[in-house]
Amino acid sequence: MCGVYMIRVGATGDFYIGGTTLSFDDRFMRWRSRLRRQKAPALLQRAWNEHAETFEFVPLKAFPLDEVHEREREAVMRLQPPLNIYVPTGRPRKQHVMVKERVGGFMFDGRMMPLSEIARRTGIS
């Protein structure tokens with residue numbers, strides 16, 4: 001069953017939102033493997049290194065395969081998860097937009113701007 005999921009750090013309440021076209025169990029197994037090998041995105045890896053024992057892998061909702069990427073984008077834009085460093089475009093993988101969070105906004109294309117402006121500029125609003 002594919003869909004949208006959350007990785008939650010119980011110790012801090014921070015979370016990551018993702019979408020998977022694999023089963024939730026397979027996706028969570030792959031995340032655990034990447035985290036144990038120190039191969040995850042920086043914010044998520046740092047949280048794992050400090051609080052691995054409190055990580056929760058939570059399926060949020062199953063969707064048909066062709067809706068997963070769009071639903072993931074909607075969830076990330078709505079929930080603004082603190083551990084995500086990519087804003088999904090709603091298209092298949094490898095087309096994410098790199099965004100770095102900074103105090104007062106997000107760094108995109110060399111400039112600080114709010115997520116709503118990044119979404120507008122990338123056509124994902």
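What percentage of the 125 residues of the protein chain count as buried? The figure is 42%. Please keep in mind that this is a predicted model.

## The overall layout

Let's begin with the chain as a whole. The protein chain has four helices and eight strands. Read along the sequence, these elements follow the pattern β-β-α-α-β-α-β-β-β-β-β-α.

How far apart in sequence are the residues that touch? Taking contacts between residues at least 6 apart in sequence, 48% join residues at least 24 apart.

Three strands make an open sheet in the order 2-1-3, and their pairing is antiparallel. Strand 2 (15–20) and strand 3 (55–62) stand at the edges with a single partner strand each, so one side of each has no neighbour in the sheet. From one strand to the next, the twist averages 25°.

Strand 1 (residues 3–9) pairs with strand 3 in the antiparallel sense over seven bridges. One of the positions to look at is V4, whose bridge partner in strand 3 is K61. Helix 2 (residues 42–51) touches strand 1, strand 2 and strand 3, and its direction makes about 130° with that of strand 3. Helix 3 touches strand 1 and strand 2, with its direction at about 165° to that of strand 2.

## Strand 2 and its hairpin

The hairpin formed by strand 1 and strand 2 has five residues between the strands, and G13 takes a positive phi near 85°.

Is strand 2 enclosed or open? Six of its six residues are buried, so strand 2 is largely enclosed by the rest of the structure. Both of its faces are covered: F15, I17 and G19 are buried on one side, and Y16, G18 and T20 are buried on the other.

## A closer look at helix 3

Helix 3 covers residues 68–79, which makes 12 residues. From its first C-alpha to its last, helix 3 reaches 16 Å, close to the 16 Å expected at 1.5 Å a residue. Just after helix 3, Q80 takes a positive phi of about 45°.

Which residues of helix 3 are buried? They are V68, H69, E72, R73, A75, V76 and M77. As background for reading such a list, an α-helix has 3.6 residues a turn, so residues three or four places apart point the same way.

In soluble globular proteins, nonpolar side chains tend to be buried together. In this model the largest nonpolar core has 15 residues, and those with the most contacts inside it are I7, W31, L44 and F55. Strand 1, helix 1 (24–36), helix 2 and strand 3 each supply at least two residues of this core. Helix 1 gives the most, with four residues.

Leaving aside residues up to four places away in sequence, W31 touches Y5, I7, Y16, A40, P41, L44 and F57.

## The aromatic cluster

One aromatic cluster is formed by Y5, Y16, F24, F28, W31, W48, F55 and F57. Counting ring pairs whose centres lie within 6.5 Å, there are seven aromatic pairs. Y5 and Y16 form a tilted pair, 6.4 Å centre to centre with 35° between the planes. This pair links distant parts of the chain, with Y5 in strand 1 and Y16 in strand 2, 11 residues apart. Why do both count as buried? Buried means under 20% relative accessible area; Y5 is at 1% relative accessibility and therefore counts as buried, and Y16 counts as buried at 13%.

Y5 also pairs with F28, this time edge-to-face, 5.4 Å centre to centre with 85° between the planes. Y5 lies in strand 1 and F28 in helix 1, so the pair ties together parts that are 23 residues apart in sequence. Both Y5 and F28 are buried.

Conventions: Residues numbered from 1 in each chain as written. Predicted model: local features only at pLDDT ≥ 70, side-chain atom pairs only at ≥ 80, totals over all residues. Heavy atoms only, no water. Expected span 1.5 Å × (residues − 1). Buried < 20%, exposed > 50% of the residue type's maximum accessible area, 1.4 Å probe, protein only. Pairing = 2+ DSSP bridges. Axes fitted to C-alpha atoms, helices over the stretch in contact; angles between N-to-C directions. Contact = heavy atoms within 4.5 Å. Core = buried A, V, L, I, M, F, W, Y, C linked by side-chain atoms within 4.5 Å. Phe/Tyr/Trp six-rings, centres within 6.5 Å; stacked < 30°, edge-to-face > 60°.
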